[in-house]
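Have the viewer open as you read.

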Amino acid sequence: YLRRDMVYPAYVVLSKQQPVVVEINTHDLAELWLYNKAQAVYHFLTRSLFDREVKGFIFPTRELSMDPYFAKCPGLKEVIANGIRLSTLPLLEPTSNDKPVLVFIGQPAPWQGVDKILVMARHFPDWTFHLIGVDKIQDAGPNVLFHGFLPTSEYLPIVARADVGIGPLALHRKGMNEASPLKVREYLGLGLPIIIGHEDTDFPGGAPFILQLPNREDNVAISLPQIRQFVENWRGRRVPRSVVAQIDQTVKEEKRLAFFRRVLNAYGGSR
């Protein structure tokens, strides 16, 4: 069982010797194209050598599972959104902030939309924005605080002071409309409502504690009234643990093991 990566000759050899299940976590070609076009071309030319031997594919979103390329791959397929072990997370106490405080955790990859968070910060100068995992950006306003990389023990006190968590806002930049990011699950597990720019696999119909912006370049700019209302409504409140039980890793691992058994039943006997 391995996570999708560049295709190496050893992968192809392994897949011919025993059943292999691959986890597809992103639109790999689109993401590679943003970083390294040479690697993207290599991956485009070689991935079918491995994937036609793979016996099972696990996708964190329904959208990825329906990609035309993977639809042609012969292996069994299952959708299992990313999860987090809720028992390891504290449920944070409600805040008592006079003005809203928002937090983002992650790296400034293009699809995270950190630039859109700065747009939000300019329109709401009396709100405070904590960006964890992001180094200082020169044109950011004084209400944006950059913390760089922090271990969990150091960023949890910052998150505890926040009213709302911010997830990815620009998945359209790599051709995706659906996701199940781990940081979003961490926000929810800690009790923070969230602002995202995509459909969440575990909440396909939305939820009162999720503000889902349109998945387009100007989604923050055209949604400022909705953002203000959502943040003000949730300031000083927490999301109950009972309404996010579906993100628990325990539930997802049971489904993953059941899929492994399906793959072994279908292919294991010939190995």
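Helices (H or I, at least four residues) and strands (E, at least two) are DSSP runs, numbered from the N terminus. Keep in mind that this is a predicted model, where local features need pLDDT of at least 70, side-chain atom pairs count only at pLDDT 80 or more, and totals for chains, interfaces and linings use all residues. Residues are numbered from 1 along each chain as its sequence is written, and side-chain values use heavy atoms, with hydrogens and water left out.

Trp33 sits in helix α2 (residues 28–35). Trp33 is partly exposed, at a relative accessible area of 44% (partly exposed lies between buried, under 20%, and exposed, over 50%, with a 1.4 Å probe and protein chains only). Together with Val41, Phe44 and Leu45, Trp33 makes a nonpolar surface patch of about 450 Å². Areas come from the Shrake-Rupley method with a 1.4 Å probe, and for residues only the protein chains shown count as cover. Helix α3 (residues 37–51) gives the largest share of the patch, 3 residues.

Now the sheet: 6 parallel strands form an open one, ordered β7-β6-β5-β8-β10-β12, where pairing takes at least two DSSP bridges. The edge strands pair on one side only:

| Edge strand | Residues |
|---|---|
| β7 | 144–148 |
| β12 | 210–212 |

Parallel strands β8 (residues 164–166) and β10 (residues 194–196) are joined by 2 bridges, and Ile166 stands opposite Ile195 in β10.

Notes:
Patch = residues over 30% accessible without salt bridge, like charges linked within 9 Å, V, L, I, M, F, W, Y side chains within 5 Å. Salt bridge = Lys/Arg side-chain N within 4 Å of Asp/Glu carboxyl O.
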